[in-house]
Amino acid sequence: MTPEKKSGIISLIIGIIGFTYIIFYSNNVLLIYLGTALFTPFMVYGIGMMLNPKTKRREEGLIPFRGW
Amino acid sequence: MDIIVPNNIYHVVDAISYGLYAFLVGGLLLGFHRKIISRIQGRPGPPIIQYLIHTFKYYLKEISIPITAGNPLYIFMALMGIIVWLTALYLGAVFKTSLLILVGLYVLQKIVEHGCGLSSGSPYGKLGGVRSVFSAAAEVPLFAVVGIIYILTQSLIIKDIISYQLLNGPIIFKLPFAAFAFFILLISKAPNSPFGIVKDKSIVSGYITEHFGILESLILISDAIAWFVLLWLFIAVFIGPIVILNPLLTLIGMAILTFIISIICALTPLLTPNHSVMLQILITALVIVDLIHKTITV
């Protein structure tokens, strides 16, 4: 797994756990709003990394060969 | 649990939709800003939705983490930008809490810029990060503004400041220097501004040089929300309930402010870092003199 994909999965897990907590266990409106502010970027990044296109590099970590 | 969960889902949806609204409005205003600058320079310029198009385009671009990047800071800083400005949006525009917390959050934005620049490992990013620390001089007038507003209204809660203006009229006429200092802060946050030393083209793109693809998209989202929050704050604190209690008038006020700022940005050259800091400190001195004068006369 590439480090990019790994970071996406980790942030998606953090986002899902965070949203689950604020939806099921929070009873303070301010806390829900601040929780949303905290965990939305993790979800946005996680979803974005899942949509990240497959690399055009022949091997991970190598830049594509562009000719001599 | 049965009652709490639907309520909580409602609040979460409410919060996310408000954040989305702020992003769309902020993005359109920044597109408008770019359009005005182009027109003044005699170019047709990109469409107003260009900022939003860029954000969505970068969101779907392939990225790879540079080998010099310091992770997880490199990724987290881009996320932190949105966290900071969404928090400022909710605490300011939704809950109308303390102005001091918003100033604190604005200072956190500097940590984002600094962290982005230094974590990337790029010399341009590092220089952008270091310049963002210089440009912290823009926050000094902000603290003076907070002080002078407290002297006048005896409160730093935004709700109280709006109520004060309901009884006594807009603060902008009572504290013109403070309004001017806050306006300079708005200008320094605008793209292509004379104080924009952080994203100076001589250092490529400053602190976002190495943040490309989805990370740049996240930074663009946070900048759009930041623009919305700062304009909202200026209107709420200095113009007051006449405009801020009506969403349509607020949008018109934001568009007018963006228009004025765009003209200033288009007609002024980029200052060098030392001149930029010097000018901002001069403005601080002006506000502090006004603050001392108000303290003595009250």
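A salt bridge here is a side-chain nitrogen of Lys or Arg within 4 Å of a carboxyl oxygen of Asp or Glu. The model is predicted: local features need pLDDT of at least 70, side-chain atom pairs count only at pLDDT 80 or more, and totals for chains, interfaces and linings use all residues. Residues are numbered from 1 along each chain as its sequence is written, chains are lettered from A in the order in which they are written, and side-chain values use heavy atoms, with hydrogens and water left out.

**Exercise 1. Salt bridges**

Task: Find how many salt bridges the rule counts over all chains, and place each pair.

Solution:
1. The count over all chains comes to two.
2. The side chains of B:Lys189 and B:Asp223 meet in one, at 3.9 Å, N to O. B:Lys189 lies in helix H8 of chain B and B:Asp223 in helix H9 (residues 214-239) of chain B, so the pair ties together parts 34 residues apart in sequence. Helices are DSSP runs of H or I, at least four residues, numbered from the N terminus.
3. Both B:Lys189 and B:Asp223 are buried, that is, under 20% relative accessible area (1.4 Å probe, protein chains only).
4. B:Lys110 and B:Glu113 also meet in a salt bridge, at 3.4 Å, N to O. They are three residues apart in helix H4 (residues 99-120) of chain B, which means a separation of about one helical turn. Both B:Lys110 and B:Glu113 are buried.
5. An α-helix has 3.6 residues a turn, so residues three or four places apart point the same way.

**Exercise 2. Helix spans**

Task: Check the end-to-end spans of H1(B) and H12(B).

Solution:
1. The expected span is 1.5 Å times one less than the number of residues.
2. H1 of chain B (residues 4-40) has 37 residues and should span 54 Å; its end C-alpha atoms are 54 Å apart, which agrees.
3. H12 of chain B (residues 273-297) has 25 residues and should span 36 Å; its end C-alpha atoms are 36 Å apart, which agrees.
4. Just after H1(B), B:Gly42 takes a positive phi of about 80°.

**Exercise 3. The interface**

Task: Describe the interface of chain A and chain B by area and contacts.

Solution:
1. Contact means heavy atoms within 4.5 Å. By that rule, 33 residues of chain A are in contact with 31 residues of chain B.
2. The two chains bury about 2800 Å² between them, 75% of it on carbon and sulfur atoms. Buried area is the accessible area (1.4 Å probe) lost on being put together, summed over both parts.
3. In chain A, A:Ile23, A:Tyr33 and A:Tyr45 lose the most area to chain B, together 24% of what that side buries.
4. Zero salt bridges are counted between chain A and chain B.

How values were computed
Helix = DSSP H or I, 4+ residues; strand = E, 2+ residues; numbered from the N terminus. Buried < 20%, exposed > 50% of the residue type's maximum accessible area, 1.4 Å probe, protein only.
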